[in-house]
Amino acid sequence: MTLLAGHCYQQGVPQQMRSIGMLRIEVSIFSGRPDPSWIITDGSTVRNLLSDVADAAEEVVGIPGAGYDGLGYREVVVSAVSDDEPWPESVPRSFALGTLGARNPGRSAELARRVVEGMTRHADTRLAEHEQTPLGDELRELLLGEMDAFAAEPPTWTRSPELPAHPLRTTAQEIAPSATCYIEFGAFNPGFWNTPAVQPNNNCYNYARNIRTDTFAQPGRAHGAQTGTMACPNVTQAALADGFVRRFQCLPDSEKPRWLTALVIWPGQDYHWYRFHSGNFWGHKPGRTQARDYDNSGNRITNPETCNRGGYRDFCGYFYAGRSVTIR
């Protein structure tokens, strides 16, 4: 049995428990005693829950504390226990379910109920809060009853809830003579990349895939297909080995988000990638420098084929990067 200190629990987590797949759950309901809290340590449970939340993130996720704030049941807060685990891009690392702060409170309540139903399975991982609020069947039934009553007859609400920002706001059609594909347009978010811990360790390939690996990722390296020849056919083949596909080779919904990217080459010297954003412009991150949306002339990039690319004169084409693309 492990005892974790309430607000410093992460420091008390044994090394073997810091692996992928841990969540902290807290049901906001009490006023005087600590709220019911627990840690989900089962990786498959965590992954299934996050996957379901990610699929409906814009409908079910609220900002913690932005929903009902009166006495009694308020929301279920789900939080990551570390900031270096893989995490769905559309889901904040701390979010509320079963909250009036969600766009679809009913669907949000369904997921929250599922979380609470499994509460007692995680009672063996002790938190300091359990001294005053022990987990057990009686508490679980109380929570479920209060949640059901809350969902059936929500409190009168006068404050406009603040909704979380989601990067995957737009799905759009790409139409070609032979195919109509659907892709996602993500918001331009340079603040995610331009921090001391992230900027020097991620490059244009990370930016195009929209995933931080902190490995200065290289096309093909994750699959033994990296190339040292800086030419369109070679770098393209390396990226295809990672899971990129050429434009208009449509990806299914299960591959969301499906980013539109572009590859250019400085012949014999280097490669560079761009990613399309909502607002009809392109962003990129040259090497260890800052992510940006402008070219070598300082103009916002609306067309990677014609923007000022310096010596990267060969345009190799457009590609889709779906969820299954793995880079390293």
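## Burial and the case of Ala-217

A residue is called buried when its relative accessible area is under 20%, and in this predicted model Ala-217, at 0% relative accessibility, therefore counts as buried. Ala-217 lies in the loop between helix H7 (204-209) and helix H8 (232-242).

Once its neighbours within four places in sequence are set aside, Ala-217 is in contact with Asn-203, Tyr-205, Asn-206, Tyr-271, Ile-327 and Arg-328. A further relation along the chain concerns Thr-326, which is 109 residues apart from Ala-217 in sequence, while the C-alpha atoms of the two are separated by 10.0 Å.

## The protein as a whole

The protein has 328 residues, of which 48% are buried, and its secondary structure comes to eight helices and 13 strands. Of the contacts between residues at least 6 apart in sequence, 63% join residues at least 24 apart. The protein exposes about 15500 Å², and carbon and sulfur atoms supply 47% of that area.

## The largest nonpolar core

In soluble globular proteins, nonpolar side chains tend to be buried together. Here the largest nonpolar core holds 37 residues, and those touching the most other members are Leu-23, Trp-38, Val-53, Val-76, Phe-95 and Leu-97. Among the elements that each supply at least two residues of this core are strand E2 (23-28), strand E4 (75-80), strand E5 (94-97), helix H2 (43-55) and helix H5 (137-152).

For Phe-95, leaving aside neighbours within four places in sequence, the contacts include Leu-50, Val-53, Val-61, Val-76 and Trp-87, as well as Gly-62 and Pro-64.

How values were computed: Residues are numbered from 1 along each chain as its sequence is written. This is a predicted model: local features need pLDDT of at least 70, side-chain atom pairs count only at pLDDT 80 or more; totals for chains, interfaces and linings use all residues. Side-chain values use heavy atoms; hydrogens and water are left out. Helices (H or I, at least four residues) and strands (E, at least two) are DSSP runs, numbered from the N terminus. Buried means under 20% relative accessible area, exposed over 50%, partly exposed in between (1.4 Å probe, protein chains only). Contact means heavy atoms within 4.5 Å. Accessible areas come from the Shrake-Rupley method with a 1.4 Å probe; for residues, only the protein chains shown count as cover. A nonpolar core is a set of buried Ala, Val, Leu, Ile, Met, Phe, Trp, Tyr and Cys residues joined through side-chain atoms within 4.5 Å.
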